Amino acid sequence: MAVTAGCGGQGEDGQRKAAAARQHVALKKKAAPPARPAAPPAMRRLDCARLKCVALTYDDGPGAYTGQLLDMLRRSGARATFFMLGENVRGHAHLVRRMAYEGHELANHTWSHPKLTGMSGGAVRSEISRTQRAIQEASGVVPKVFRPPYGATDAQVGRAVGMPQIMWSVDSMDWLHRNMARNVSAGVKQPKPGGVVLFHDIHQATVKATPSILSGLRQRGFTLVTVSELFQARTLRAGSRYTELW
Ligand SMILES: [Zn+2]
């Protein structure tokens, strides 16, 4: 029954209920999240032959610190690339969606992080296709690039993967030292124009170093781009390996 205040002889009780209902509606309105855009933003058209471009890449997530990292990237207006493990995607689907809608690139890093060299073609294909499906289910986006765990790949793996394989030109070694200052130093000083920097968003010291890395790279005149933005002037071939733009 609809509750209407001040009529139908419901008296004080009816009025109180109506007021409570109005307050509930007001609270609901206040709590509504901002409308999400209909689709993830398109890749930016950038000329990385003229701009100083660098692609920051984050492997092995999403994880406990990925949300903080996304906040930092958003505040800075930077785009990055996430090479994700399929097994971590399902529990963090909201983060994977956020990545897509905030302009980052979603990329494949296998389902369970095995060393692919020596595995059968079928087993490699399964690692790739399960992860493609999980990322697509979470975000609606189908990844276009892949990175082999441990950088371990060969011609046979390349054929089975069937996607461009993105390596890196700067290795932060963040997984080993877990040291914020060393992350900042590697992330700011080592990249050259057209470079690809390897980080892991599953480590807290990496995420904590990010604001300093972003501002340091900006001070050096870099534009922070996704992998596909970096390589947009080149045709990336399935199975081939790429470490940097030049
Ligand atoms: Zn990895």
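Author: What follows takes the labels one by one and sets each against its definition.

Author: First, the ground rules. Residues are numbered from 1 along each chain as its sequence is written. This is a predicted model, where local features need pLDDT of at least 70, side-chain atom pairs count only at pLDDT 80 or more, and totals for chains, interfaces and linings use all residues.

Reader: What is the average pLDDT of the chain?

Author: The chain averages 91, and 85% of the residues score at least 70. pLDDT is the predictor's confidence in each residue, from 0 to 100.

Reader: Over which residues does pLDDT stay under 50?

Author: Over residues 1-10, for which the model has 9 contacts beyond four places in sequence. Two residues are in contact if their C-beta atoms, placed from the backbone, lie within 7 Å. Where pLDDT is low, the predicted coordinates should not be read in detail.

Reader: How many helices and strands does the chain have?

Author: 10 helices and 8 strands. Helices (H or I, at least four residues) and strands (E, at least two) are DSSP runs, numbered from the N terminus.

Reader: Why is Met84 called buried?

Author: Met84 has 32 other C-beta atoms within 10 Å. A residue is buried if 20 or more other C-beta atoms lie within 10 Å of its own, exposed if 12 or fewer, and partly exposed in between, with C-beta atoms placed from the backbone. So Met84 is buried.

Reader: Where is Met84, and which residues is it in contact with?

Author: Met84 is in strand β2. Leaving aside neighbours within four places in sequence, its contacts are Gly61, Pro62, Val89, Leu106, Ala107, His109 and Ile135. Asn108 is 24 residues from Met84 in sequence, yet their C-alpha atoms are 5.5 Å apart.

Reader: What makes both faces of β2 covered?

Author: Thr81 and Phe83 lie on one side of β2 (residues 81-84), Phe82 and Met84 on the other, and all are buried. In a regular strand the side chains alternate between the two faces of the sheet.

Reader: How do you know that β1 and β2 pair?

Author: Two strands pair if DSSP finds at least two bridges between them. β1 and β2 are joined by 3 bridges and run parallel, so they pair. Thr57 stands opposite Thr81 in β2.

Reader: Which strands pair with β6?

Author: Strand β1 (residues 52-59) is joined to β6 by 6 bridges, and the two run parallel. Val54 has Gly195 as its bridge partner in β6. Strand β5 (residues 170-171) also pairs with β6, over 2 bridges in the parallel sense. Here Asp171 stands opposite Leu198.

Reader: What makes β6 mostly covered?

Author: In β6 (residues 195-200), 6 of its 6 residues are buried. Gly195, Val197 and Phe199 point one way, while Val196, Leu198 and His200 point the other way.

Reader: What covers the buried residues of α9?

Author: The cover includes β1, β6, β7 (222-225), α2 (66-76), α7 (174-177) and α8 (180-189). The buried residues in α9 include Thr206, Val207, Ala209, Thr210, Ile213, Leu214 and Leu217.

Reader: Where does α9 kink?

Author: At Thr210, by about 40°, shortly before the proline Pro211. The bend at a residue is the angle between axes fitted to the seven residues ending there and the seven starting there.

Reader: Which residues have the most contacts inside the largest nonpolar core?

Author: Leu106 and Leu224, in a core of 59 residues. A nonpolar core is a set of buried Ala, Val, Leu, Ile, Met, Phe, Trp, Tyr and Cys residues joined through C-beta atoms within 7 Å. Among the residues that Leu106 touches are Phe82, Met84, Val96 and Ile135.

Reader: What is phi in Thr110 and in Met173?

Author: Phi of Thr110 is near 75°, and phi of Met173 is near 55°. Both values are positive, in residues other than glycine. Most residues other than glycine have a negative phi, and most peptide bonds are trans.

Reader: Which peptide bond is cis?

Author: The bond from Gly61 to Pro62, with omega near 0°. Pro62 lies in the loop between β1 and α2.
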